[in-house]
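Reader: I would like to go through this structure with you, one topic at a time. Shall we begin with the aromatic side chains?

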Amino acid sequence: MSKPANPQGKGSIAILETLQQAKTQLVAPAKNIQQISSDLFTSLFILNSQIRFKPTTGQTYWLYLKDSHYRLSLIAPEQWSAIRSGRFIGACQLQLDLTWTLELSSDCANDSAFLQEIAARRRQLEEKLQQAEKIDDVLPVYLEALPYYSRVLASALAYSLKQSMQKSGILGLSFQQAEQRFFTTN
């Protein structure tokens, strides 16, 4: 008995349909470079975790760390033991513009080692942004290493942030040019 080649239906047609659906429902406001950088960092942090379901906008999800792996879950921390779930990192939501928010747990918000790790990751992204010829070169248009749902959401995130940058007039600019535009308009 042979197995179906694509048992989960996650071929290129499904990816394209999912991306098209995400784009048609997108609400992407104009954002300055600091907002773009922050949204990109938070979203990539969450999208680089294990996601084994299709997240929807407005729903709260919970981020955990267990055995050195981050995992997004449908199960709240009070619904299972820390031994099974791992360390509760925080509550996450997928926004209408397909960016993610993360509200850190009080445990993580007061953990200086964890905050230093996050700050180091943030610096790495900011260095990439500053070194790129254009901000949009850093956007996650296609990240093959990510699992299916994360890959689709990362691509939709790139599309959303491009729309936001276009509305704010910073699409195609370098990080420094976008910062200059922000500081001269405020």
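Reader: Is Phe88 buried, partly exposed or exposed?

Author: This is a predicted model, and in it Phe88 counts as partly exposed because its relative accessibility is 23%. The cut-off for a buried residue is under 20%.

Reader: How many aromatic pairs are there?

Author: The count comes to seven aromatic pairs. Among them is the one formed by Tyr64 and Phe88, a tilted pair with 5.8 Å from centre to centre and 50° between the planes. This pair links distant parts of the chain: Tyr64 belongs to strand E1 and Phe88 to strand E3 (residues 87-94), 24 residues apart.

Reader: And Tyr64, buried or exposed?

Author: Tyr64 is buried, because its relative accessible area is 1% and buried means under 20%.

Reader: What is the geometry of the pair made by Tyr148 and Tyr149?

Author: The ring centres of Tyr148 and Tyr149 are 4.9 Å apart and the planes stand at 70°, so this pair is edge-to-face. Tyr148 is buried, at a relative accessible area of 11%, whereas Tyr149 counts as partly exposed at 22% relative accessibility.

Reader: Which residues form an aromatic cluster?

Author: One aromatic cluster is formed by Phe41, Phe45 and Tyr70.

Reader: Let us turn to the backbone. What is the phi of Asp67?

Author: Phi of Asp67 is near 55°, which is a positive value in a residue other than glycine. Ser68 is not a glycine either, and has a positive phi of about 65°.

Reader: Where is Asp67 placed?

Author: Asp67 lies in the loop between strand E1 (60-66) and strand E2 (69-73). Ser68 is found in the loop between E1 and E2 as well.

Reader: Is Asp67 buried or exposed, and what about Ser68?

Author: Asp67 counts as exposed because its relative accessibility is 62%. Ser68 is exposed too, with a relative accessible area of 70%.

Reader: Now helix H5. How many residues does it have, and what does it reach from its first C-alpha to its last?

Author: Helix H5 (residues 112-131) has 20 residues and reaches 28 Å from its first C-alpha to its last. That is close to the 28 Å expected at 1.5 Å a residue.

Reader: Which residues of H5 are buried?

Author: Phe114, Ile118, Leu125 and Leu129 are the buried residues of H5. They cover an arc of only 55° around the axis, so they sit on the same side of H5.

Reader: What does the face turned away from that buried side carry?

Author: That face of H5 carries the exposed residues Ser112, Ala113, Gln116, Gln124 and Gln131.

Reader: What reaches the backbone nitrogen of Ala113 at the start of H5?

Author: A side-chain oxygen of Asp111 comes to within 3.0 Å of the backbone nitrogen of Ala113 there.

Reader: One last topic: how much space lies in the largest pocket?

Author: The largest pocket holds about 370 Å³ of space. It is lined by 14 residues, and those closest to its centre are Leu44, Phe45, Asn48, Leu125 and Lys128.

Definitions and conventions: Residues numbered from 1 in each chain as written. Predicted model: local features only at pLDDT ≥ 70, side-chain atom pairs only at ≥ 80, totals over all residues. Heavy atoms only, no water. Helix = DSSP H or I, 4+ residues; strand = E, 2+ residues; numbered from the N terminus. Buried < 20%, exposed > 50% of the residue type's maximum accessible area, 1.4 Å probe, protein only. Phe/Tyr/Trp six-rings, centres within 6.5 Å; stacked < 30°, edge-to-face > 60°. Expected span 1.5 Å × (residues − 1). Arc of directions from axis to C-beta. Polar contact = N/O pair within 3.5 Å; in protein donor to acceptor, adjacent residues only side chain to side chain. 1 Å grid on protein atoms, 1.4 Å probe; cavity = no way out; pocket = protein on both sides within 12 Å on 5 of 7 lines; lining within 4 Å. Points joined across faces, edges and corners; volume = space filled by probe spheres on them.
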